[in-house]
Amino acid sequence: MIKKTILASAIVALVMGCSVKESDQLTKTEGSAFGKHGEIQVQTETKNGQLVDINILKQNENKVLAASVFTEMKDAMIANNSTQVDGISGATVTSSAFKEAVESSLSAAGVTLIAGLAKSDDKPPLLIDSEQNFDVVIIGSGGAGFSAAITAKNAGANVVIIEKMPTVGGNSLITGGQMNVPGNWVQKKMGIEDSIELFVKDTLKGGDYLGSPEMVQILAEQALPAAQWLRDYIKVDFYQDQLFQFGGHSVKRALIPRNHTGAEWISKFMAKTDELQIPIHTRTTATALIKDHSGRVIGVEAEKNGQVISYYAKRGVIMATGGFGANVEMRTKYVPELDNRYGTTNARGIMGDGIVMAEKLNAGTHNMESIQTYPICHIDTGVISLIADSRFFGAIVVNREGNRFVEELERRDVISRAILAQTEQQAYVLWGGEIEDIAGVVGVHKDEFGELNRKGMMFKADSIEELAGKFGIDENALMAQVGRVNQFATAGDDKEFNHRGGLKTIMKPPFYMLVAKPSVHHTMGGLVTDTHTRVLDTQGKVIAGLFAAGEVTGMTHGSNRLGGNAITDITVFGRIAGKEAAAQ
């Protein structure tokens with residue numbers, strides 16, 4: 001809907017398709033477009049062909065990712081008197097929708113912006129001191145970086161986070177945010193038996209026993225204290241009566257954050273860094289590590305707005321830059337198959353920068369050829385489908401022929417390879433009211449449903465036959481398959497694929513189905529670190545002053561990372577890195 005209000009004594013008629021002559025009138029119009037999480041509505045104010053202001057009337061985008069869209073893009077449009085400004089990297093869909101909404105509002109006003117009418121702004125970009133001094137410098141503002149920064153600050157260190165992107169969060173922000181914790185409080189409430197030993201066994205087996213047993217043991221032992229820290233100190237809101245059981249895990253052990261996204265805990269991390277007055281320097285790209293004459297890492301050289309800044313670290317530098325899943329050139333260096341035919345679930349800034357910087361100091365790397373795909377992702381963008389978490393509650397995965405072809409709770413790599421062997425290298429996730437009543441994924445991710453539905457990639461129907469018709473799936477085969485699933489679910493015995501979580505019946509409408517395919521998700525390889533998170537060189541010796549945590553490291557997960565272990569990994573080892581660096 002487009003509204004128009006002219007703040008002037010005269011009434012100007014708006015005729016569609018015709019231009020409107022402007023004098024000194026302030027014209028307010030509204031426009032809208034669909035973003036990633038629903039409709040974005042804006043109101044523009046124009047005067048004499050110049051864009052005066054943009055007001056955001058309605059939006060439901062990710063508040064962390066979208067912050068720069070509605071501030072930096074808005075300011076750039078007004079300053080340049082043009083909508084042809086750079087979008088925010090990592091928030092491409094929101095950026096495009098914001099631009100489209102502004103353009104629709106300007107169209108309603110009959111205004112064509114002329115860039116030359118913009119007031120020139122000759123002020124140089126704001127500069128900061130070219131030499132910055134801290135005790136600990138953290139590169140990267142994902143979960144590992146935040147965990148390290150807060151821990152180091154509480155240990156008495158003066159800390160800064162530098163982040164190359166305009167927004168914080170990295171991959172941590174766009175995950176489902178589930179965290180595997182053996183012996184957690186929800187398991188006890190639900191009567192689920194678990195142990196550190198079982199978690200270690202599952203994790204080592206899930207990585208084909210190529211992960212470091214020492215690292216996995218620390219991961220398991222520190223998982224509960226880390227989760228309690230998140231709950232009690234960071235104030236992450238976990239569901240108290242629900243757990244995930246990801247593929248490869250023997251029991252349900254993954255805590256679920258509010259709204260099933262990493263936005264819950266990244267927003268809480270931001271609040272805590274504000275409280276502790278930890279500075280975060282965004283749009284600041286680390287380019288090199290600084291060493292002293294002895295070879296110790298004493299800082300980071302970075303660039304912002306063309307300015308070179310030296311961040312000196314008295315106690316240590318923590319690398320928390322993530323993996324390299326978004327870097328096609330780097331990932332094909334190790335796995336040629338994973339070229340640009342594959343999308344990625346990763347944030348756009350996950351390019352392996354930290355690994356490359358550390359390698360220039362002769363840092364060792366390990367397991368670089370182990371790159372994981374996530375099996376259930378959007379077929380157009382490659383991003384992970386959170387609504388398809390219904391799979392962890394009993395939804396089935398079928399092919400175009402209407403048949404199951406893999407256990408739905410198998411390892412991610414196994415499911416991904418199985419999907420790529422199907423017609424059109426795609427799969428279809430199906431569930432009904434019984435599962436939705438438990439999982440609630442459509443309600444929690446209603447914006448994702450709206451987006452997929454508009455694109456014809458997900459449908460809701462009163463019958464399974466209708467869903468089969470919408471996707472061109474063999475109806476008779478699908479109905480026969482569902483019939484077998486219902487029999488297996490009732491008997492408690494999956495005779496086709498031995499579903500480890502137990503199948504659920506698919507009999508109660510409404511029914512849901514979406515189409516999906518695998519996408520590059522996680523790089524298990526990275527820097528060689530010891531149990532103190534110190535980075536080691538190619539000879540196995542400690543590089544003094546350099547620490548690393550999270551996906552930038554390569555010692556923990558082996559050939560395959562089990563779902564829910566990433567959040568545990570970055571929190572546990574981020575905290576260790578912060579403590580160790582602050583203690584130097």
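## Basis of the model

Because the model is predicted, local features need pLDDT of at least 70 and side-chain atom pairs count only at pLDDT 80 or more, while totals for chains, interfaces and linings use all residues. Residues are numbered from 1 along each chain as its sequence is written, and side-chain values use heavy atoms, with hydrogens and water left out.

## Cavities

The structure holds three cavities of 30 Å³ or more. A cavity is a set of points on a 1 Å grid over the protein atoms alone where a 1.4 Å probe fits but cannot get out. Points are joined across faces, edges and corners, and volume is the space filled by probe spheres set on them.

The largest cavity has about 50 Å³ of space. Its lining, meaning residues with an atom within 4 Å of a point, consists of M215, T529, D530, T533, A548, A549, T553, M555, T556 and F573. Five of these residues are nonpolar, four polar and one charged. In this classification Ala, Val, Leu, Ile, Met, Phe, Trp, Tyr, Cys and Pro are nonpolar, Asp, Glu, Lys and Arg are charged, and the others, Gly among them, are polar.

## Contacts of helix α7

Helices (H or I, at least four residues) and strands (E, at least two) are DSSP runs numbered from the N terminus. Axes are lines fitted to C-alpha atoms, for helices over the stretch in contact, with angles from 0 to 180 degrees between N-to-C directions. The axes of α6 (residues 196-206) and α7 (residues 213-234) come within 9 Å and cross at roughly 135°. The two helices are therefore oblique, since angles under 35 degrees count as roughly parallel, over 145 as roughly antiparallel, 65 to 115 as roughly perpendicular and the rest as oblique. Their crossing is right-handed; that is, the near helix is turned clockwise from the far one by less than a right angle, whereas anticlockwise is left-handed. In contact (heavy atoms within 4.5 Å) are I196, F199, V200, T203 and L204 of α6 with P213, V216, Q217, L219, A220 and E221 of α7. Eight of these residues are nonpolar, two polar and one charged.

Helix α7 also meets α3 (residues 143-154), with axes that come within 13 Å and cross at roughly 70°. This angle makes α3 roughly perpendicular to α7, and the crossing is left-handed. S147, I150, T151 and N154 in α3 meet W229, Y233 and I234 in α7. The contact comprises four nonpolar, three polar and no charged residues.

## Contact of α15 with α16

The axes of α15 (residues 464-471) and α16 (residues 475-491) come within 9 Å, crossing at roughly 135°. Helix α15 is thus oblique to α16. The crossing is right-handed. On the α15 side I464, E465 and A468 take part, and on the α16 side E475, L478, M479 and V482. Five residues of this contact are nonpolar, none is polar and two are charged.

## Backbone features

Most residues other than glycine have a negative phi, and most peptide bonds are trans. The peptide bond from P509 to P510 is cis, with omega near 0°. P510 lies in the loop between α16 and β18 (511-523).

Q277, a residue other than glycine, has a positive phi near 60°. This residue belongs to the loop between α8 (263-276) and β9 (280-281).

Methods
1 Å grid on protein atoms, 1.4 Å probe; cavity = no way out; pocket = protein on both sides within 12 Å on 5 of 7 lines; lining within 4 Å.
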